[in-house]
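Welcome, and thanks for taking a look. Please keep the structure open beside this briefing as you read through the topics below.

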There are 4 protein chains.
Amino acid sequence: MGEKETARMEAFSDSVFAVAITLLVLDLKVPRLGADSSSEALLRALLAQGPSYLAFVTSFATILIVWVNHHGIFTLVHRTSVPFLFANGFLLLLVTLVPFPTALVSEYLGGPGESLAVAIYSATFLLMDMAFNLLWYTASKGRSLLRAGLPDQALRKITKYYSMGFPIYLLATGLAFVNANISLGICTALWIFWALKGAHRQAELASRQL
Amino acid sequence: MGEKETARMEAFSDSVFAVAITLLVLDLKVPRLGADSSSEALLRALLAQGPSYLAFVTSFATILIVWVNHHGIFTLVHRTSVPFLFANGFLLLLVTLVPFPTALVSEYLGGPGESLAVAIYSATFLLMDMAFNLLWYTASKGRSLLRAGLPDQALRKITKYYSMGFPIYLLATGLAFVNANISLGICTALWIFWALKGAHRQAELASRQL
Amino acid sequence: MGEKETARMEAFSDSVFAVAITLLVLDLKVPRLGADSSSEALLRALLAQGPSYLAFVTSFATILIVWVNHHGIFTLVHRTSVPFLFANGFLLLLVTLVPFPTALVSEYLGGPGESLAVAIYSATFLLMDMAFNLLWYTASKGRSLLRAGLPDQALRKITKYYSMGFPIYLLATGLAFVNANISLGICTALWIFWALKGAHRQAELASRQL
Amino acid sequence: MGEKETARMEAFSDSVFAVAITLLVLDLKVPRLGADSSSEALLRALLAQGPSYLAFVTSFATILIVWVNHHGIFTLVHRTSVPFLFANGFLLLLVTLVPFPTALVSEYLGGPGESLAVAIYSATFLLMDMAFNLLWYTASKGRSLLRAGLPDQALRKITKYYSMGFPIYLLATGLAFVNANISLGICTALWIFWALKGAHRQAELASRQL
């Protein structure tokens, strides 16, 4: 259970992330028009699918950010354990699941069932966030899987950084029943926030390495 | 046909496992509602798809466990042979097949055709289990492909460990015609058992290494 | 354009092979039954799909054997060239195409359109075989891309070995218009032949290495 | 953020390219015939799908060429930065999107909505081209991410080489509203041009290395 074990887990996880992120495109449906199949009618039909594109981009960006952070964990971890393997399996299950709630939102946003569709969408990201934090918890608890020489303060910072998603996804899930658009907006805002925050952190790291 | 050959087989097999496990999500269908497309109607439609989710999780977990054990074999094997390559191809054929019986169960569980659907589902896992044991047999027979220094007792333990699935999947396949839910329950119970058993074995290994 | 370039081409090609071989399962359709959805009706519907399963297995095995031989070429090749890159791209195009003629056969075998469906199926393998031989030709011509020390006789043997598929796939394509089942049978017989022939060759190689 | 970071980005990107290129086949639909399902009727139906095959081949070749050039960039880059990571994510988003406009063209070419369908198709390649140039810009600006020793002249040549696509894809997008076939023809001509141009460049490189 040395580095080799971690390498295999990482390669397999990477493949699952890559396939899941690419399958999202299957949620974008080519409109089937009736009698009027002019460019104008097609444009209207495509614009009516607007939520599909937003859900596609948000799901894509969220999986990409989870992948970046997943790798962030694996740069610190040098051993595996049974709970760590289980947490990783649970995270991958949720990653492969993402195309399903994305399709739900595409189908139901704008109609009467949008509350539930967006609630399930947000809840999937909530669960994914929990699985990710579980992975980090199993990796960092007692430092047993981490490589040597990581200062306590750095670990606490990482833990704090990863724990920001939970309350916000919980809020988004609850708000879906009040206003689906706001809930979806929070999910979108969150990946933009993660991306910028990640950018900031990486810039910090880079400047420290110089 | 040294280590390099094994590495290529392993990488290719890993990709197939990763794609197959991610394609399972395509078996989860977005419900198409009629006149009433409210959140309540959508919830009822999603709950009615309950078996899909169970079949999805069971198929996901079973493929993941076969992947973990597949890697377990490849940590012991340092050479390849023709029968070993064929057995691996047969196993991969069955792994890529899994989304099909999973879709069958999703479609037919709860209806009059559920016996056959669940029998085919269990039989696929039975065949996958047989292919896996064939792979181990071709790898361990006469020790010709194994790395040196493995004690006899360890090999016998592994053989015994891998052989536990056969009678149980056979039972599940037969019981499908008596009660489809019990049969599906056995398939579910089995991956939970493998996961816990695998956890126990790994903990043992870890403690021995210290 | 040294070994690194070959490694990248090989890894990318492997991923394409792995995804294409796993997408074949999407050609197996869950039967939608009408009023009678009993196990008996489902069994009849599944048995009526018999050709799908045969086409699935034949496509799977053919892609797997092309993958094995693709790797066989890359163990001899240490450099790349523009024609070699193009030939590889053409081969990958045909590999990713396989699920389409496989679906055609699944849909039309047994009906009046089976001649054309099976002819297209056989012709796809014919083209794949031609692309493969083109790849070997661009690799072996003038030995410019091959690693040093390969005896002339070995190269001639390989060329002869790879050239056996062409006349047979050509025959299968033509015979599709006489009898679709015989044509499909030839495609099936061919991958079994390749598998056994490959087994024989590898056993020879292994015995020589001892 | 040394070579290891680049290796991970590259492997993940490769997987996404490989899956996206293989998913294109799902845009080729098996024709469903009515009463007349003879070989002749099937042939007519398949020929009527001609645009699907052209769009399939053009999308395949375009993704393959972007992949080749993506690797070209990564042979020069030895470090990553936040803007570089973002540009790569944006490029991957567009690569995974390709099957959607490809399906749009397959469905609408030849009908009244073809202008918009082909405009969206060309615009996707335009955006992909822009994302690719953005990636190169973030990599080459101030040379901060490039490996040492690259002559200024070589960088300018590369920048010029990559910048040729933009005006042509812009033209193709605009021309779609005048004549969809010409627009599609430009997209096809462009990947053939890139392929030949790439061949020429590589031959030059090879001759210089001798």
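Predicted model: local features only at pLDDT ≥ 70, side-chain atom pairs only at ≥ 80, totals over all residues.

**How the chains are related**

- Two copies of a chain are related by a rotation about an axis and a shift along it.
- For chain A and chain B, the copies use different surfaces, and 8% of the contact residues of chain A recur in chain B.
- Chain A can also be laid on chain D, by a turn of 90 degrees and a shift of 0.0 Å along the axis, with an RMSD of 0.0 Å.
- Here too the copies use different surfaces, as 8% of the contact residues of chain A recur in chain D.

**Where chain A touches chain B**

- Chain A brings 26 residues to this contact, and chain B brings 25 residues.
- On the side of chain A that touches chain B, two or more residues come from each of α1 (3-23), α4 (82-97), α5 (99-108) and α6 (114-140) of chain A.
- α1(A) gives the most to the side of chain A that touches chain B, with eight residues.
- By class, the side of chain A that touches chain B has 18 nonpolar, six polar and two charged residues.

**Where chain A touches chain D**

- This contact takes 25 residues from chain A and 26 residues from chain D.
- At least two residues of the side of chain A that touches chain D come from each of α1, α2 (39-48), α3 (50-76) and α9 (180-209) of chain A.
- α1(A) supplies the largest share of the side of chain A that touches chain D, six residues.
- The side of chain A that touches chain D divides into 17 nonpolar, seven polar and one charged residues.

**Helix pair α3 and α6 in chain A**

- Two packed helices are described by the angle between their axes and the distance between the axes.
- The axes of α3(A) and α6(A) cross at roughly 5 degrees and come within 11 Å.
- α3(A) and α6(A) are therefore roughly parallel to each other.
- From α3(A), the residues T62(A), V66(A), N69(A) and I73(A) meet F125(A), M128(A), F132(A), L135(A), W136(A) and A139(A) of α6(A).
- The contact of α3(A) with α6(A) holds eight nonpolar, two polar and no charged residues.

**Helix pair α3 and α5 in chain D**

- Helix α3 (residues 50-76) of chain D and helix α5 (residues 99-108) of chain D have axes that come within 8 Å and cross at roughly 160 degrees.
- That angle makes α3(D) roughly antiparallel to α5(D).
- The crossing in which α3(D) passes α5(D) is right-handed.
- In α3(D), P51(D), S52(D), A55(D), F56(D) and S59(D) meet T102(D), V105(D) and S106(D) of α5(D).
- The contact of α3(D) with α5(D) divides into four nonpolar, four polar and no charged residues.

- R143(A) is not a glycine, yet it has a positive phi of about 60 degrees.
- You will find R143(A) in the loop between α6 and α7 (152-162) of chain A.
- R143(A) counts as partly exposed because it has 13 C-beta neighbours inside 10 Å.
- R143(B), which is not a glycine either, has a positive phi of about 60 degrees.
- R143(B) sits in the loop between α6 (114-140) and α7 (152-162) of chain B.
- With 13 other C-beta atoms within 10 Å, R143(B) is partly exposed.

Technical notes
Residues numbered from 1 in each chain as written. Chains lettered and ligands numbered in written order. Contact = placed C-beta atoms within 7 Å. Axes fitted to C-alpha atoms, helices over the stretch in contact; angles between N-to-C directions. Helix = DSSP H or I, 4+ residues; strand = E, 2+ residues; numbered from the N terminus. Parallel < 35°, antiparallel > 145°, perpendicular 65-115°, else oblique. Left-handed = near helix turned anticlockwise from the far one by under 90°. Nonpolar A, V, L, I, M, F, W, Y, C, P; charged D, E, K, R; others polar. Least-squares fit on C-alpha atoms with pLDDT ≥ 70 in both. Buried ≥ 20, exposed ≤ 12 C-beta atoms within 10 Å, placed from the backbone.
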